[in-house]
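Here is my notebook for today. I opened the model and looked up a few spots, one after another.

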Amino acid sequence: MALRAPARKEKSLRWLNEYLCDSKYFTCCWDQVCKDCFKTKLLESLASGWWSRLGSLQWFSCPRPGCIGALDIRCEADFQICLERDLGIIDSDFVKMYVKACAFRDILKSLDPRPSGDALEISAEVTKCLINAGVMYSPFDHRFDIALVDETGCIPDFNPGTIYSAVLDRKPSPVPLFMKFFKRQKTFKECMACSKAMFEIDYGGVDAWKATCNNFQGSWQWNILIFPTKESQNCDHDFDICRACTAAHIRNTLISCGPSACENLKCPQCNRKLTHQEILKLADTNTVAKYEKFLLQSFLSKEENFRWCLNPTCQNGELYPSEPLPEKIYCGECSFKMCFKHQVPWHKGQTCAQYDSAKDPNFAKNQEWVKSNTKNCPNRSCKASIQKGEYCFHMTCSICSHEFCWECLANWGEIRVFGRGRHKEGCFFKTSEIGPMGLRGENIEQALRATD
């Protein structure tokens with residue numbers, strides 16, 4: 001009988017030790033949660049709880065349901081001691097997970113603006129959904145562990161990579177997603193514009209991707225991809241130009257051609273005219289803003305009180321008030337001074353009446369010169385005065401980029417497609433074997449003499 005007593009005492013102690021008793025890391029509800037439950041909840045929080053409480057070092061919540069307290073774990077050492085002393089766990093993998101979780105939290109905290117609690121909660125749900133769908137690896141997957149030493153002989157700190165701010169429908173703030181953990185296709189695709197070889201996200205095709213993102217729909221699900229899809233660009237060909245190059249093509253066209261380009265933005269691969277919705281999906285945020293501004297300006301330019309800025313480096317245009325009728329106006333974009341009535345740079349030192357005065361000996365002469373040497377742009381929304389100069393008879397308006405024949409003002413786009421028959425009656429080039437680009441001079445007579 002004396003030999004059996006220690007066994008009963010050891011069994012009794014095991015029962016008593018089901019609870020942590022006195023732990024510096026679990027002080028609020030330690031007497032209501034057993035060790036097994038504490039361990040389970042601690043490791044669950046390690047895997048997914050790092051999304052919450054970004055403003056505090058204590059992000060392990062109390063394992064007892066209903067308690068709003070937090071475990072007093074503030075650093076790697078605290079977590080390791082808690083595992084070893086309170087739970088008897090000696091496992092470096094859990095400590096590595098904690099280090100990674102802290103790295104994830106640090107990069108989330110560095111975002112400006114910092115994600116809201118709701119955005120982080122949605123982000124955790126989206127990440128879990130993508131992992132379950134096989135589109136993303138777990139952030140703690142061992143394939144992302146750093147095993148090689150750097151040039152200093154040290155193993156570098158874990159790098160969580162870049163964050164993509166995903167805009168979801170009907171959600172007020174963007175949701176952060178870790179790009180590093182998306183699964184990539186096994187073979188690369190080379191962009192025919194920039195020649196970069198890139199591995200697309202392995203999203204499984206348009207239909208499968210739409211099903212995966214069904215509960216988290218938004219522009220992000222297409223913008224996050226490297227190459228366009230049928231959802232964003234309705235062309236019949238395979239997409240061999242990446243989204244970045246397509247966006248750059250749209251941006252550069254708008255910058256170089258101004259408002260007149262809005263109606264003629266084309267696919268860089270097949271030259272098909274892009275629709276308004278396609279441009280909104282393919283262009284970057286700043287380019288979309290410029291595009292919308294140019295569309296508005298083109299619409300307003302038909303109004304009598306609209307004026308384009310005359311600064312050669314500015315593409316702005318504005319609608320000015322008619323009452324009272326202004327004389328001097330300023331560009332709202334670059335502050336360039338102009339005369340509203342005469343549509344010229346501001347005539348410093350002269351009122352409009354003085355500028356028009358017949359007493360100005362150069363006024364009549366200047367008007368006659370303008371009448372003889374300039375023509376108005378045939379684009380109805382422009383009408384800018386254009387001087388030809390010594391160049392060929394194919395003209396491009398520097399204000400609106402409209403192309404036309406100098407002699408008859410015929411639309412150059414129609415001439416390019418249908419030939420010289422599109423020149424107007426009486427135009428030299430309608431019957432001549434010489435095209436408008438084959439002669440140079442201020443007028444036909446001078447140009448023909450130069451060819452003799």
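I began with Ile155, which sits in the loop between α5 (117-132) and β1 (163-166). Helices (H or I, at least four residues) and strands (E, at least two) are DSSP runs, numbered from the N terminus.

A note on the source: this is a predicted model, where local features need pLDDT of at least 70, side-chain atom pairs count only at pLDDT 80 or more, and totals for chains, interfaces and linings use all residues. Residues are numbered from 1 along each chain as its sequence is written, and side-chain values use heavy atoms, with hydrogens and water left out.

Next I looked up Phe178, which belongs to strand β2 (residues 175-178). Is Phe178 buried or exposed? I noted it as buried because its relative accessibility is 3%; buried means under 20% relative accessible area, exposed over 50%, partly exposed in between (1.4 Å probe, protein chains only).

Then I checked its neighbours. Leaving out residues up to four places away in sequence, Phe178 touches Trp50, Trp51 and Phe104, among others; contact means heavy atoms within 4.5 Å. Phe178 and Phe104 are 74 residues apart in sequence, yet 8.9 Å apart in space, C-alpha to C-alpha.

Last, I turned to the cores. A nonpolar core is a set of buried Ala, Val, Leu, Ile, Met, Phe, Trp, Tyr and Cys residues joined through side-chain atoms within 4.5 Å. The largest one has 56 residues, and Phe182, Trp209 and Trp220 touch the most other members. I saw that α4 gives this core its largest share, eight residues. Another core, of 20 residues, lies apart from it and includes Phe404 and Ile415.
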